[in-house]
Structures are given as structure tokens and as C-alpha cells.
Amino acid sequence: VIAYDFDQIEQVLDRLTSHPLFGQKPLGIKLAPYFDKSHVQRVVSILCKYPGIKFITCVNSMGNALFVDADKECECIAPGFGGLGGSYVKQTALANVRMFTCELQAQGRAEVDVVGVGGVFTGRDAFELILCGATAVQVRVLAPLVFVFVLGLVLVLVLVLYSAVSRFLLLLLLLLLLSLFFPLSLSLSLF
């Protein structure tokens, strides 16, 4: 897997950034979950070599997960291993968002946005990623639930008296209206 092969990450970014069309659109990279701070430091040191990278997304699913059905006495996924996501990765997503935000600042790349992904089902979940440093949050909800999600996030923001509540309320209202046309996925950009 490229995510844990730091030399390969650099080789791919070298080829990508040497393409004649590079720089015409913002480039972002979705990162695997990292469990060791030294790995986060290494990835950020690589990213610092490429000023065209404008955002990173933390985290992708965790590989090699296995679910077993004890009643049927078998694996639930054939051939057995798959990606682990959703609520199972929330704490890892929070930690990765925080570690990458801090390390990007420490290495002089604070302008790189960090998109928080993983385990976001409520407004409180989104707010927790924001508190960890996310400048945007990816949310996967069905259209009828978007209103409930947005209302939940607004309530959390009001309850903690978040300093930019009015800006968020306007943004969330706009996103709610947009979600009527794009019901499968919602991404909240906060800054």
C-alpha cells in the first residue's frame, strides 16, 4: 500500500507535480490512518516539498478488517478482509486530524487545509473534528437526514458559543438547500 511506503509517496508526487497540467486545479491527497507520530512527521515532511498540495483528507478506511458472524460460523466478507470505516474509525480520524494539523503548522505549512473524515454521523461528530483542527468535514447522510444533521451541528455550535456561529449558520443553511439537489454526500467547508 502506497500510504506506508514513503519513498513511493514521493515518487508518485514527483510524477504528478511534473505533469504540465499540475497547478491548474487545487490538489488534495486522501491519507491512510497513521498510528505513529513519526509517520505523520515523515508524511508532512514529504508534503512540504510540494507547495501545490492545498489540502489533505484524514482518514481513509483502515485496511485488513475482518468481521465474523458467530451464528453462521463464517466470515462476513469474502475473501475475509476489507476496509474498516464509519464509527469504528472516529477516534483515529480525530487523532490524525489533530496530529496532521499540528505537524503542518510545525513544519511551516499551516495553509494546507485538513479535511476530517470518518465516523461523522451527527453535528457533534463534525464539531469534534473542527475542534481537532479540521477546516472541512465530510459527512455521509441521506437527504431526509441532512436537516437533522445540520440542526444538530447548529445546536452544538450555539451551545458552546462558537465564535463564528453566524457564519456557520449561513453556510449550513446554504448547504441544506444544496443537499436537496445533491442528496448522497455533503461536505462542510468551514473557513
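Predicted model: local features only at pLDDT ≥ 70, side-chain atom pairs only at ≥ 80, totals over all residues.

Visitor: Which elements give two or more residues to the lining of the largest pocket?

Guide: Those elements are α1 (6-17), β1 (27-31), α2 and β3 (62-65), and the largest share, 5 residues, comes from β1. Sorted by class, the lining of the largest pocket divides into 18 nonpolar residues, 5 polar and 1 charged.

Visitor: What is the volume of the second largest pocket, and which residues are closest to its centre?

Guide: The second largest pocket has a volume of about 200 Å³; it is lined by 16 residues, of which Gly86, Val117, Gly118, Gly119 and Gln138 are the closest to the centre. Its lining is made up of 7 nonpolar, 7 polar and 2 charged residues.

Visitor: Turning to the helices, how is a packed pair described, and at what angle do α1 and α2 pack?

Guide: Two packed helices are described by the angle between their axes and the distance between the axes. For α1 and α2 the angle is about 20°, and the axes are 10 Å apart. Because angles under 35 degrees count as roughly parallel, α1 is roughly parallel to α2. The crossing in which α1 passes α2 is right-handed. On the α1 side the contact is made by Phe6, Asp7, Ile9, Glu10 and Leu13, and on the α2 side by His39, Arg42, Val43, Ile46 and Leu47. By class, this contact of α1 with α2 has 6 nonpolar residues, 1 polar and 3 charged.

Visitor: Helix α2 also meets α3, so at what angle do their axes cross, and which residues make the contact?

Guide: The axes of α2 (residues 37-47) and α3 (residues 90-106) come within 10 Å and cross at roughly 50°, which makes α2 oblique to α3. Here again the helices pass in a right-handed crossing. From α2 the contact takes in Lys37, Val40, Gln41, Val43 and Val44, while α3 brings Met99, Phe100, Glu103 and Leu104; the residues of this contact divide into 6 nonpolar, 1 polar and 2 charged.

Visitor: How do α3 and α4 pack, and which residues meet?

Guide: Helix α4 (residues 123-131) packs with α3 at an angle of about 30°, with the axes 8 Å apart, and the two are therefore roughly parallel to each other. In α3, Lys90, Ala93, Leu94, Val97 and Arg98 meet Asp125, Glu128, Leu129 and Leu131 in α4. This contact of α3 with α4 holds 5 nonpolar residues, no polar ones and 4 charged.

Visitor: Where does Asn64 lie, and what is its phi?

Guide: Asn64 lies in strand β3, and its phi is near 60°, a positive value in a residue other than glycine.

Terms used. Residues numbered from 1 in each chain as written. Heavy atoms only, no water. Axes fitted to C-alpha atoms, helices over the stretch in contact; angles between N-to-C directions. Helix = DSSP H or I, 4+ residues; strand = E, 2+ residues; numbered from the N terminus. Parallel < 35°, antiparallel > 145°, perpendicular 65-115°, else oblique. Left-handed = near helix turned anticlockwise from the far one by under 90°. Contact = heavy atoms within 4.5 Å. Nonpolar A, V, L, I, M, F, W, Y, C, P; charged D, E, K, R; others polar. 1 Å grid on protein atoms, 1.4 Å probe; cavity = no way out; pocket = protein on both sides within 12 Å on 5 of 7 lines; lining within 4 Å. Points joined across faces, edges and corners; volume = space filled by probe spheres on them.
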